[in-house]
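The entries follow the order in which I looked things up.

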Amino acid sequence: MTNSRFHFTRRDFLKATAAAGAAIAAPGLAQAQAYPSRPIRLLCPWPAGGSTDVVMRAFAESAGKALGTQMIVENRPGAGGILGAVEMVKAKPDGYTITQTPLGVFRVPHMQKVQFDPLKDLSYIACLTGYTFGLVVRADSPIKSMKDLVEYAKANPDTFTYGSTGTGTTPHLVMEQFAKRAGIKLQHIPYKGNADGMQALLGNHVMAHSDATGWGPFVDAGRCRLLAVYGSKRAKRWPDVPTLLELGYQTVSDSPFGVAGPAGMDPAIVKKLHDAFKKSLEDPALLSVLEKYDQSVIYLDSAAYTKFARETFEAERETIHSLGLQAKS
């Protein structure tokens, strides 16, 4: 009797101990299992109507369907595309606020004081695609090639104006690298994004615009002329347009981007988001939008994207110092 009572009590004790352990672990586990239970905010750090905005809305629709919830895009334009990362510092790491992460996230901190650390304040979810960048002029411009641009700029220093999506963005820095290697000086006019930059070009407020392929429809419609693209190879959509590299300027920019959330996210929630975005890369509707803007799939999982972030942060430090654009202490 005593022994059986002892064994019964011991079994109860072990069960109670296991139950207590499960209760301690349950809140986080339950949260991950229930996720998502409400809409997710996806921040786009560029203006509405631009090429990135259109692409991120396509990702939001596709990934939201995979997750069984609505993913709502909110625009945070300005500051060279870093305002989404800035907001991650104060966002809860619950997976309900995430952001697009352009290369500026790794570059701008070397140029000025910012309110986030790209290596400490972000949980990298997945790299998804990348921009095709290029320089366009109006169709009626007398500048018909990069050779014409260089000749004009040498004859008229600091008078050739070009717009970009902001100081420190890839479209800005590529043009500065090109100008340095061509031995010319250009006047840079920063805008918040593609939409207002193209309005400035079409309104004749600047002579050229450096950006991702938001200019594509204007080129195809004959309203703009594409002088060069910045990638390591020619754009599939405009195969007759040369790269800066093949023109001899030793300037290349392939510019991948993805999505990230605040630091400290539950790995199970990161995986759910990662899997949804990865699935979106097989969605014909999403792929047709990428093709429209001549963007290829550039996929990295969470671990590989985190490694890419560390390596790119250091590489951008070198680029900024080579151009003399580093923050002054």
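**Notebook: cysteines, sheet and helices**

I looked up Cys-224 and noted it as buried, because its relative accessible area is 6% and buried means under 20% relative accessible area, taken with a 1.4 Å probe on protein chains only. This is a predicted model, in which local features need pLDDT of at least 70 and side-chain atom pairs count only at pLDDT 80 or more, while totals for chains, interfaces and linings use all residues. Residues are numbered from 1 along each chain as its sequence is written, and side-chain values use heavy atoms, with hydrogens and water left out.

In E9, 6 of the 6 residues are buried, so the strand is largely enclosed by the rest of the structure. I found E9 joined to strand E5 (residues 133-138) by 5 bridges, the two running antiparallel; strands pair if DSSP finds at least two bridges between them. Val-137 has Arg-225 of E9 as its bridge partner.

Next I checked for disulfides (a pair of cysteine sulfur atoms within 2.5 Å) and counted 0. Cys-44 is in none, and the nearest cysteine sulfur, belonging to Cys-127, lies 15 Å away. I noted that Cys-44 is buried too, at a relative accessible area of 1%.

I traced an open sheet of 6 strands with mixed pairing, in the order E2-E1-E3-E10-E4-E11. Strand E2 (71-75) and strand E11 (297-300) are the edges; each has a single partner strand, so one side of each lacks a neighbour in the sheet. The twist averages 25° from one strand to the next, with axes fitted to C-alpha atoms, for helices over the stretch in contact, and angles between N-to-C directions running from 0 to 180 degrees.

Within this sheet I found 3 bridges between strand E3 (residues 97-101) and strand E10 (residues 255-262), which run antiparallel. Thr-101 is partnered by Gly-258 in E10. Helix H9 (residues 267-280) packs on the sheet and touches E1, E2, E3, E4, E10 and E11, its direction making about 10° with that of E4; contact means heavy atoms within 4.5 Å.

Last, I examined helix H2 (residues 51-67) against H9: their axes come within 8 Å and cross at roughly 120°. The two are therefore oblique to each other, the class left once angles under 35 degrees (roughly parallel), over 145 (roughly antiparallel) and 65 to 115 (roughly perpendicular) are set aside. Residues in this contact include Phe-59 and Ala-63 of H2 and Leu-273 and Phe-277 of H9.

Notes
Helix = DSSP H or I, 4+ residues; strand = E, 2+ residues; numbered from the N terminus. Buried < 20%, exposed > 50% of the residue type's maximum accessible area, 1.4 Å probe, protein only.
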